[in-house]
Amino acid sequence: MTPSSSTAPPATSSDPSSAAAEVRAPSAGGAPGRARARFGPVALVVSAGISVQFGAALAVMVMPRTGAAGVVTLRLAAAALVLLLVCRPKVRGYARADWITVFWFGVTMAGMNGLFYQAIDRIPLGPAVTLEVLGPLALSVVVSRRLVNVLWAALALTGVALLAGHGGGFGGLDPLGAAFAVGAGGMWAAYIVFSARTGRRFPQADGLALAMAVAAVISLPLGVVEAGSDLLVPSTLALGLGVAVLSSVLPYTLELLALRRLPAPTFAILMSLEPAIAASAGFLVLHQGMSLGDALAIALVIAASMGAVRSQAGRPSS
């Protein structure tokens, strides 16, 4: 799950049980209508994941022009501009606690994106996302407090050991790049927490638009220092807008639409597929190879993430 994301969108006011009921509800269109109701939200989430990861691949191609910090600035600034124009969020009527929440949401968004782009500037996209997923997985283990999730965490760590423990392919990862990816995972876990809080305090995607503006302001000095006037080259601006649309605007919109009709646990399981999508994008766009050991490592982390989510979903409510 990338900056965005790589990344889960702010929580909506939809209750997961009511979303599940909506998916199960009969459709006037008969069997085809029921199939669309069942698989439509799934297609939205998968499409969002594809958009995020191919956007990240495009970002890697832009980095020689602006550096990692410059790409982050372009992405967040363009995404903030689009979201502010589309959402036109209100700025009055909110309490101090609301603004503190949206501020920290923006801080975590800036940190998550900044660290992730530093990671993919040094290591391939697939392993970067695989390491990043450890953040949400750790959050799931801590929140659930169940022994079975410790086993899922051990399975994920086995995958990570395979990923970094052999030569060739994804092995021999740059230690700093790997550290940046793990740091991005930690920020992703914090992002999930503040995303949910912001979603409860702000209507629609207003909180997301405001937080994106905060993130853009935070990232701007770093981007200017690294890229300077290169940020204003028309072709670079166009590529930055493409990264913003693919990595932020489009996936966040698709995920928000999906969450209105999809139970939250199902959404989380689908998001666990991000490492596989990232590895595919790295192979197809950036020609980053993948060995059998690499594929096994990524599969172990995906299985651990799905298992942790299913364990949490199956926990009896107290």
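Author: What follows is a run of questions about labels, each answered from its definition. This is a predicted model, where local features need pLDDT of at least 70, side-chain atom pairs count only at pLDDT 80 or more, and totals for chains, interfaces and linings use all residues. Residues are numbered from 1 along each chain as its sequence is written, and side-chain values use heavy atoms, with hydrogens and water left out.

Reader: What makes up the chain, helices or strands?

Author: The chain has twelve helices and zero strands. Both are DSSP runs, numbered from the N terminus: helices are H or I with at least four residues, strands are E with at least two.

Reader: Why is Thr73 called buried?

Author: Buried means under 20% relative accessible area, exposed over 50%, and partly exposed in between (1.4 Å probe, protein chains only). Thr73 has 4%, so Thr73 is buried. Thr73 is found in helix 2, residues 31-87. Of the 318 residues of the chain, 50% count as buried.

Reader: What is Thr73 in contact with?

Author: Contact means heavy atoms within 4.5 Å. Leaving aside neighbours within four places in sequence, Thr73 is in contact with Ser219, Leu220, Gly223 and Leu231.

Reader: Why does Leu139 count as partly exposed?

Author: Leu139 has 24% relative accessibility, so Leu139 counts as partly exposed. Leu139 is found in helix 5, residues 134-144. Beyond its neighbours within four places in sequence, Leu139 is in contact with Ala189, Ile192 and Val193. Leu139 and Ala190 are 51 residues apart in sequence, yet 8.7 Å apart in space, C-alpha to C-alpha.

Reader: How do you know that Arg201 and Asp98 meet in a salt bridge?

Author: A salt bridge is a side-chain nitrogen of Lys or Arg within 4 Å of a carboxyl oxygen of Asp or Glu. For Arg201 and Asp98, N to O is 2.5 Å, so the pair is a salt bridge. Arg201 lies in helix 7 (residues 175-201) and Asp98 in helix 3, so the pair ties together parts that are 103 residues apart in sequence. Arg201 is partly exposed at 38%, whereas Asp98 is buried at 11%. By this rule the count comes to one salt bridge.

Reader: Which residues make the nonpolar surface patch?

Author: Ile100, Phe103, Trp104 and Ile218 make a patch of about 350 Å². Patches are made of residues with over 30% relative accessible area and no salt bridge: like charges are joined within 9 Å, nonpolar side chains (Val, Leu, Ile, Met, Phe, Trp, Tyr) within 5 Å. Areas come from the Shrake-Rupley method with a 1.4 Å probe; for residues, only the protein chains shown count as cover. Ile218 has 36%, so Ile218 is partly exposed. Ile218 is found in helix 8, residues 206-227. Helix 3 (residues 96-120) gives the most to the patch, with three residues.

Reader: Where does helix 8 bend?

Author: Helix 8 bends by about 35° at Ser219, and Pro221 follows within four residues. The bend is the angle between axes fitted to the seven residues ending there and the seven starting there.
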